[in-house]
Amino acid sequence: MKFSSKLTVNQIVEIMNAEVTVKGNLNNLISGINEIHSVESGDISFVDHPKYYEKVLNSKAIAVIINKDAEVPEGKTLFICNDPLQCYLNIVHHFVAFTPQHTAIHPSAKIGEGTVIQPNVFIGENVIIGKNCIIHANVSIYADTEIGNNVVIHSNSTIGGDACYFQKRETGWVKLTSCGSTKIEDDVEIGCNCCIDKGVSGVTFIGKGTKFDNQVQIGHDAHVGAHCFLGAQSGVSGCTFVDDHCAIWAKSGVNKGIYVAKNTTILAMSAVDRTITEEGTVLFGLPAEDARKKWREIAYIRNLPELYTEFEKFKKGL
């Protein structure tokens, strides 16, 4: 999320409203706030786990909220505090707050020529919908969503809902408030009962010409490229990048934070848990592997009862 104007270090400390020690460049101007998966130059981010200290400190972030006294990378600003997540959330909440809406279509929404909005559609604040779209009944389009031209969204789908992003603590789950957005390019068709979460702090993106069957789930900050196809009950986890011309068939899932190369095909009821770098790969299984290899394994397993019988006969003959 970008701020409307750049903030000084002192302004950030004031907004965090916590006991903070500042180290490093005190003259930095901070232009936005992002969690690590979406961080850009000029942003402030946070880290509270040793596993990610090095990654965040060496990221594009100009400022880092951290819970240890660390060496300051050149040119950066560190905000050292006991609870970096809460300080991060205090900044987000300073700029983002839930505002009740009393009309089905927010006055700020921009809807293009030739677009049809069916009954019982909800359209939130700062939504942009292009030309010649069809938004079917009972669709909900949350704030800060951008939809291109010639897009079809079928009934009961939700676009731009909050990310499912929580941190486990002794007292329960702490929610990372979503302050990102959703972008759907031209010629996309989305089936019934699909859900596309907005970015936690960045953009959830659906590329031109991509098609969804019913009951598809796209996680926060995910990127689904152009001319992809997603079958019924399939899902892409948060922060995953699915490149162009991929097919993810029914009841298949892609794990978080990985990359899937162009022209990949994921066959039905498969689960991808690793990055796929070779274009044109066909995957199948749990976990998903090269489909031909997986089918051979299945054939071998089918033969196990006969092999076991032969083995028992062999033992008796010894």
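In what sense do strand 5 and strand 6 pair, and over how many bridges? This is a predicted model, and in the model strand 5, residues 63-66, pairs with strand 6 in the parallel sense over four bridges.

Lys23 has Leu78 as its bridge partner in strand 6.

Now the side chains of strand 6 itself, residues 77-80. In a regular strand the side chains alternate between the two faces of the sheet. Thr77 and Phe79 point one way. Leu78 and Ile80 point the other way. Are these residues buried or exposed? All of them are buried.

Next, the cysteines. A disulfide is a covalent bond between the sulfur atoms of two cysteines. How many disulfides does the structure hold? The count is zero.

Take Cys179. Its closest cysteine sulfur is in Cys239, 13 Å away, which is too far for a bond. Cys179 is buried, with a relative accessible area of 9%.

Cys194 is in no disulfide either. The nearest cysteine sulfur belongs to Cys195, at 7.4 Å, and the cut-off for a disulfide is within 2.5 Å. Cys194 is buried too, with a relative accessible area of 0%.

Notes: Residues numbered from 1 in each chain as written. Predicted model: local features only at pLDDT ≥ 70, side-chain atom pairs only at ≥ 80, totals over all residues. Heavy atoms only, no water. Buried < 20%, exposed > 50% of the residue type's maximum accessible area, 1.4 Å probe, protein only. Helix = DSSP H or I, 4+ residues; strand = E, 2+ residues; numbered from the N terminus. Pairing = 2+ DSSP bridges.
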